[in-house]
Amino acid sequence: MDVELRPVRRDDAARVAVLLTQLGYPTEEPEASVRLSYWLDDPESVLIGAEVRGELAGVVALHVCPLLEVTGKWARLVALVVDEGKRSKGIGRRLVAAAESRAKELGCLRMEVTSSRKRDDAHRLYRRQGYEDVCERSARFMKLLR
């Protein structure tokens, strides 16, 4: 499959909405457009798209944060989605590799991914790319602010 990796653009909002909906986050185009605005305007955030035959077939979202305890930064893979009809064809692997490459360029020392326990296919992808599930060593606390 011929895949072109490229930056996500504002005019990708309709396809981003479809992809997010497939990922389990129902999204309409106007909402996707707003989200793209704040992602694309943030210098510490990166959106990489995978285009197949002129159509956006996948997206990876990466955010970079500075570290205080050591000199450097860390990256968080915030979202990864590949069109349902194009999964298991290497697109996700290429998107993750592109995100890692960009994170290294931005001075990141490590990359973090969080994923719902129900996403077994995604977990296999991450493990194959060298990610380790560290949930037994590290806790994750969350609090809703709204």
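**View 1. S88 sits in the loop between β4 and α3 (91–105).** Helices (H or I, at least four residues) and strands (E, at least two) are DSSP runs, numbered from the N terminus. This is a predicted model, where local features need pLDDT of at least 70, side-chain atom pairs count only at pLDDT 80 or more, and totals for chains, interfaces and linings use all residues. Residues are numbered from 1 along each chain as its sequence is written, and side-chain values use heavy atoms, with hydrogens and water left out. S88 is not a glycine, yet its phi is positive, at about 65°. With a relative accessible area of 81%, S88 is exposed. (Exposed means over 50% relative accessible area, buried under 20%, and partly exposed in between, using a 1.4 Å probe and protein chains only.)

**View 2. Five strands make an open sheet.** Their order is β1-β2-β3-β4-β5, and the pairing is mixed. (Two strands pair if DSSP finds at least two bridges between them.) β1 (3–7) and β5 (108–113) stand at the edges with a single partner strand each, so one side of each has no neighbour in the sheet. From one strand to the next, the twist averages 25°. (Axes are lines fitted to C-alpha atoms, for helices over the stretch in contact; angles run from 0 to 180 degrees between N-to-C directions.)

**View 3. β2 and β3 form a hairpin.** The two strands pair in the antiparallel sense over eight bridges. E51 stands opposite L56 in β3. Two residues lie between the strands. R53 is in this loop between β2 and β3. Its phi is positive, near 50°, and R53 is a residue other than glycine. R53 counts as exposed, at 73% relative accessibility.

**View 4. β3 and β4 form a hairpin with six residues between the strands.** β3 and β4 run antiparallel, joined by nine bridges. P66 has K73 in β4 as its bridge partner. In this hairpin, G72 takes a positive phi near 145°.

**View 5. β4 also pairs with β5.** Here the sense is parallel, over five bridges. β4 spans residues 73–82. W74 stands opposite R110 in β5.

**View 6. V64 is found in strand β3.** Is V64 buried or exposed? V64 counts as buried, at 2% relative accessibility. V64 and S45 are 19 residues apart in sequence, but 6.3 Å apart in space, C-alpha to C-alpha. Leaving aside neighbours within four places in sequence, V64 is in contact with E44, K73, W74, A75, L106 and C108. (Contact means heavy atoms within 4.5 Å.)

**View 7. α1 and α2 cross each other.** Their axes come within 8 Å and cross at roughly 105°. That makes α1 roughly perpendicular to α2. (Angles of 65 to 115 degrees count as roughly perpendicular, under 35 as roughly parallel, over 145 as roughly antiparallel, and the rest as oblique.) A13, A14, V16, A17 and L20 in α1 meet E29, A32, S33, R35 and L36 in α2. By class, this contact has seven nonpolar, one polar and two charged residues. (Ala, Val, Leu, Ile, Met, Phe, Trp, Tyr, Cys and Pro count as nonpolar; Asp, Glu, Lys and Arg as charged; the others, Gly among them, as polar.)

**View 8. The largest nonpolar core has 21 residues.** (A nonpolar core is a set of buried Ala, Val, Leu, Ile, Met, Phe, Trp, Tyr and Cys residues joined through side-chain atoms within 4.5 Å.) Which residues touch the most other members? They are V60, I91, L95 and M111. β2, β3, β4, α3 and β5 each give two or more residues to this core. α3 gives the largest share, six residues. Not counting residues up to four places away in sequence, L95 touches L5, I48, G49, A50, G58, V59, V60, L80, V81 and V82. A second, separate core has 15 residues, including V8, A13, L20 and L47.
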